[in-house]
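Welcome! Please take a moment to look over the sequence and the 3D view before reading on.

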Amino acid sequence: MHVQVRIHPGPAGALLYEVPLGPESLPAVEARDLIGAWDAAREAAEREDWGGARAVLFRRAEGSATELVIADPDARCWAGAVDHAVGLDTLYGLALCFRLLGLIELLASAPWARGLFDIAPDGTTLHPALLAAAARAPLEPDGRFDHAGIRRALATRLTGSVR
């Protein structure tokens with residue numbers, strides 16, 4: 001099934017992406033693509049390529065909708081990097097973008113994840129199990145990760161059982 005992402009000018013000069021399904025229906029991505037998106041975003045930030053504002057309007061078949069606005073300068077930079085590297089005109093590109101944003105948010109807000117990554121001036125190291133979980137875990141209807149779900153997936157990957 002091919003799903004078309006429509007792109008057109010939106011409010012206040014933002015690009016508007018219209019998607020005929022919810023964020024929770026975005027596909028899983030490959031972990032190597034997620035780390036590639038991370039690297040592209042880091043390089044864009046180093047160039048101070050902040051990108052433009054974007055809005056993504058997810059319209060579900062039953063009629064509900066979720067609009068997610070990417071207006072923060074850092075998030076615009078990261079979304080722009082994914083758009084340049086992969087394209088946000090496909091479900092895969094959007095999935096990659098929201099998983100990157102979700103991973104960054106998780107690293108910033110989940111104390112239990114601190115031992116699974118290292119951010120240093122010369123680059124970032126992410127535990128392969130964390131990357132795999134972020135690449136595969138479903139997104140919530142608000143476009144974010146379920147942190148408890150990621151933690152359960154990690155427990156399974158790291159120990160072979162759920163804690």
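## About the model

This is a predicted model, in which local features need pLDDT of at least 70, side-chain atom pairs count only at pLDDT 80 or more, and totals for chains, interfaces and linings use all residues. Residues are numbered from 1 along each chain as its sequence is written, and side-chain values use heavy atoms, with hydrogens and water left out.

Helices and strands here are DSSP runs (H or I of at least four residues for helices, E of at least two for strands), numbered from the N terminus.

## The nonpolar core

Let's start inside. The largest nonpolar core holds 51 residues. Such a core is a set of buried Ala, Val, Leu, Ile, Met, Phe, Trp, Tyr and Cys residues joined through side-chain atoms within 4.5 Å. Buried means under 20% relative accessible area, exposed means over 50%, and partly exposed lies in between, with a 1.4 Å probe and protein chains only. Among the elements that give two or more residues to this core are strands β2 (15–19), β3 (54–59) and β4 (65–70), together with helices α1 (31–46), α2 (73–85) and α3 (91–109). The most comes from α3, with twelve residues.

L26, F98 and L103 have the most contacts inside the core. Beyond its neighbours within four places in sequence, L26 is in contact (heavy atoms within 4.5 Å) with L21, F58, L91, L94, A95, F98, R99 and L139.

Next, follow helix α4 (residues 128–136) to helix α5 (residues 147–159): their axes come within 9 Å and cross at roughly 135°. Axes are lines fitted to C-alpha atoms, for helices over the stretch in contact, and angles run from 0 to 180 degrees between N-to-C directions. The two helices are therefore oblique to each other; angles under 35 degrees count as roughly parallel, over 145 as roughly antiparallel, 65 to 115 as roughly perpendicular and the rest as oblique. On the α4 side, A129, L130, A132, A133 and A134 meet I150, A153, L154, R157 and L158 of α5. By class, these residues are nine nonpolar, no polar and one charged. Ala, Val, Leu, Ile, Met, Phe, Trp, Tyr, Cys and Pro count as nonpolar, Asp, Glu, Lys and Arg as charged, and the others, Gly among them, as polar.

Helix α4 also has α3 as a partner: the axes of α3 and α4 come within 9 Å and cross at roughly 130°. That makes this pair oblique. Here R99, L103, L106 and L107 of α3 meet L130, L131, A134, A135 and R136 of α4, giving seven nonpolar, no polar and two charged residues.

Look for E48 in the loop between α1 and β3. E48 counts as exposed, at 57% relative accessibility. Its phi is positive, about 55°, although E48 is not a glycine. Most residues other than glycine have a negative phi.

Not counting residues up to four places away in sequence, R60 touches L21, G22, P23, E24, A65, T66 and P141.

Finally, A31 lies in helix α1 and counts as partly exposed at 28% relative accessibility. Leaving aside neighbours within four places in sequence, A31 is in contact with L131, A132 and A135.
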